[in-house]
Amino acid sequence: MKWMINCREATGLSLQAQDRRLGTGERLRLRMHLMVCRACPRFVAQLQQMRGAMDPWRAYRDERPPGDDPADRG
């Protein structure tokens, strides 16, 4: 298993971390990469900002009863 990952792998892990809990090895490799890379921490910050911006929409979407979507009406 290689310990240093490249930017492509780091962005992939960052995106996966949005949907699932990363394993210990994955978290360590991602942290190591983020400590030495200048661009990837910015990407992670942008992901967090986008997720924060989407949270109010998710809350609104989740509180609507099924079938109450105006787009469903013809």
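**Exercise 1.** Which residues does serine 14 touch, not counting residues up to four places away in sequence?

*Solution.* Before starting, note that this is a predicted model, in which local features need pLDDT of at least 70, side-chain atom pairs count only at pLDDT 80 or more, and totals for chains, interfaces and linings use all residues. Residues are numbered from 1 along each chain as its sequence is written, and side-chain values use heavy atoms, with hydrogens and water left out.

Step 1: look for contacts, meaning heavy atoms within 4.5 Å. Serine 14 touches Leu30, Phe43, Val44 and Leu47.

**Exercise 2.** Is serine 14 buried or exposed?

*Solution.* Step 1: recall the cut-offs: buried is under 20% relative accessible area, exposed is over 50%, and partly exposed lies in between (1.4 Å probe, protein chains only).
Step 1: serine 14 has a relative accessible area of 6%, so this residue is buried.

**Exercise 3.** Which residue forms a salt bridge with glutamate 26?

*Solution.* Step 1: look for a side-chain nitrogen of Lys or Arg within 4 Å of a carboxyl oxygen of Asp or Glu.
Step 1: the partner of glutamate 26 is arginine 20, with the closest N and O atoms 2.9 Å apart. The structure holds one salt bridge.
Step 2: compare the accessible areas: glutamate 26 is buried at 19%, whereas arginine 20 is partly exposed at 36%.

**Exercise 4.** Where does methionine 35 lie?

*Solution.* Methionine 35 lies in helix H2 (residues 24-36) and is exposed, with 70% relative accessibility.

Technical notes:
Helix = DSSP H or I, 4+ residues; strand = E, 2+ residues; numbered from the N terminus.
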